[in-house]
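Colleague: Hi! Could you walk me through this model when you have a minute?
Modeller: Happy to, let me put it on screen.

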Amino acid sequence: MKKQPHTAQHKWILALAIACIILSLSLVFLITLTSPTTILLRPLQRYAAATSSFLAVSKVQPEPVTPPPPRPPRLAYLISGSKGHHKRLRRTLLALYHPYNQYVVHLDAESSPDERLDLFNFVKNCSTFVQFGNVRMITKANLVTYRGPTMVANTLHAAAVLLKDAGEWDWFINLSAADYPLVTQDDLLVAFSDLPRDLNFIDHTSKMGWKRDHRAKPVMVDPGLYMTKKSDVFFVKEPRSVPTAFKLFTGSAWMALSRPFINYCIWGWDNLPRTVLMYYTNFVSSPESYFQTVICNAPEFSNTTLNSDLHFIAWDNPPQQHPKYITVDDMRKMVGSNAPFARKFHEDHPVLDKIDSELLFRGQGMIVPGGWCLGSRENGSDPCSVAGDITHFSPTPGAKRLKTLISSLLSDDKFRPRQCK
């Protein structure tokens with residue numbers, strides 16, 4: 001009977017020990033759950049789960065989408081004329097028109113107010129021009145003398161308007177009312193699609209020949225710079241020296257210039273374009289030399305030239321000061337040149353009708369049809385009266401001819417060896 005208290009005490013101690021063991025095991029379990037080792041395992045568990053999900057999803061995902069091709073090139077035109085040219089300019093504009101391109105038209109101040117009003121109303125009332133809003137007329141006419149710097153100033157003016165108002169475009173092409181296309185605009189846009197967009201089509205040479213003494217040395221003044229009435233240029237008595245600050249180049253007044261180069265001529269982030277412009281203010285026939293001299297003296301652009309003005313021009317033999325007017329007799333040579341433009345033409349000459357019917361497929365008084373034209377041709381209807389996708393092009397054989405010309409200009413014996421020489 002004396003051992004009972006001792007036995008009860010042992011039972012109490014045993015219960016306390018069991019409780020301590022259970023508490024200790026609980027603490028160890030909690031510490032294990034929150035230990036750094038367990039925390040490090042959690043990202044691995046999440047990664048394994050994510051990998052499993054990715055593998056499952058990747059089996060049903062489509063192939064990566066090919067990025068869309070770059071937009072087609074866009075052309076910006078200046079078409080200019082003078083007194084008596086308003087009808088020719090209208091016809092040339094219709095032959096050159098495409099809703100994807102941009103246009104500036106200009107009749108100089110020598111033309112009558114009635115002529116300029118006629119052109120203005122034509123642009124304003126043409127439903128296609130209005131629909132696409134891509135034809136602009138310079139209503140405050142400039143006075144332009146072909147042999148003087150006023151023609152250069154007019155070209156720069158039009159280029160500035162196109163830079164400011166015409167959105168994205170890639171090449172600036174200057175033409176006159178005496179020019180006419182030999183390919184459709186669809187042909188041109190297709191042929192230009194594969195070209196680097198910094199190339200400049202500009203006829204040029206540093207071999208001045210007789211021009212050195214008859215153009216570079218005489219000091220000429222163009223009254224069109226400061227008078228309201230047009231008069232011919234005149235010369236001062238004393239000649240000047242040939243420049244040494246830059247090298248003179250000459251060539252054709254007609255060209256297709258890249259937007260980067262036009263930007264450079266307008267903005268002139270170095271002083272070369274302005275310096276050369278000041279020099280050519282007193283140079284005879286500066287439109288045939290200004291852009292050539294700027295581009296070939298600018299290291300940034302001198303290796304971007306293709307030595308061509310993209311024109312077929314009929315010359316006398318030997319060549320005279322001005323080209324001959326083109327006739328039907330020149331048709332074979334003209335097409336065989338692969339050039340996209342030709343000059344110069346008499347107003348409404350039969351050769352223009354032949355070009356319209358055989359090369360441009362243009363109805364009288366209509367726009368040249370292209371892939372964007374969805375209207376009917378029945379009963380002489382204008383297919384371009386209904387417009388579709390303006391980036392859908394339907395090239396004619398003219399595109400192949402033009403590509404042949406461009407390939408020749410880019411060949412090893414014509415591209416680099418003829419740049420700014």
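Colleague: Thanks! What share of the contacts with a separation of 6 or more is between residues 24 or more positions apart?
Modeller: Such pairs account for 75% of those contacts in the chain. Keep in mind that this is a predicted model.

Colleague: Noted. How many helices and strands are there?
Modeller: The chain has 14 helices and 14 strands.

Colleague: And what percentage of the residues is buried?
Modeller: Of the 421 residues in the chain, 48% are buried.

Colleague: What does the accessible surface come to, and how much of it belongs to carbon and sulfur?
Modeller: It is about 22,500 Å², and carbon and sulfur atoms contribute 60% of that.

Colleague: Let's go inside. Which residues have the most contacts within the largest nonpolar core?
Modeller: Those are Tyr77, Leu93, Phe129, Phe192 and Phe201, in a core of 46 residues. Elements that each supply at least two of the core's residues include β1 (75-81), α3 (86-96), β2 (102-107) and α14 (397-409). The biggest giver is α7, with five residues.

Colleague: Nice. What does Leu93 touch, leaving out residues up to four places away in sequence?
Modeller: Leu93 is in contact with Ile79, Tyr103, Val105, Phe122, Val123, Phe129 and Val135. There is also another core, apart from the largest one, with 39 residues, including Ala158, Ala159, Tyr264 and Cys420.

Colleague: Is the crossing of α7 and α14 left-handed or right-handed?
Modeller: It is right-handed. On the α7 side the contact uses Asp187, Leu188, Val190, Ala191 and Phe192, while α14 brings Gly398, Ala399, Leu402, Lys403 and Ile406.

Colleague: What about α6 and α9, how do their axes cross?
Modeller: Helix α6 (residues 150-165) and helix α9 (residues 259-267) cross at roughly 115°, with their axes coming within 10 Å. So α6 is roughly perpendicular to α9. This crossing is left-handed.

Colleague: Which residues make that contact?
Modeller: From α6 you have Leu156, Ala159, Ala160 and Leu163, and they meet Arg259, Ile262, Asn263, Cys265 and Ile266 of α9.

Colleague: Changing topic, I want to look over the backbone. Which residues does the cis peptide bond join?
Modeller: It joins Arg343 and Lys344, with omega at about 0°. Lys344 sits in the loop between β14 (341-343) and α13 (350-360).

Colleague: I'd also flag positive phi values. What is the phi of Phe361?
Modeller: Phe361 has a positive phi of about 55°, though it is not a glycine. You'll find Phe361 in the loop between α13 and α14. Its relative accessible area is 40%, so Phe361 counts as partly exposed.

Colleague: And Asn379, where does that lie?
Modeller: Asn379 is in the loop between α13 and α14. Asn379 has a positive phi of about 55° as well, and is not a glycine.

Colleague: Is Asn379 buried or exposed?
Modeller: Exposed, because its relative accessible area is 82% and the cut-off for exposed is over 50%.

Methods:
Residues numbered from 1 in each chain as written. Predicted model: local features only at pLDDT ≥ 70, side-chain atom pairs only at ≥ 80, totals over all residues. Heavy atoms only, no water. Core = buried A, V, L, I, M, F, W, Y, C linked by side-chain atoms within 4.5 Å. Buried < 20%, exposed > 50% of the residue type's maximum accessible area, 1.4 Å probe, protein only. Helix = DSSP H or I, 4+ residues; strand = E, 2+ residues; numbered from the N terminus. Contact = heavy atoms within 4.5 Å. Areas by Shrake-Rupley, 256 points an atom, 1.4 Å probe, with all protein chains shown as cover. Axes fitted to C-alpha atoms, helices over the stretch in contact; angles between N-to-C directions. Parallel < 35°, antiparallel > 145°, perpendicular 65-115°, else oblique. Left-handed = near helix turned anticlockwise from the far one by under 90°.
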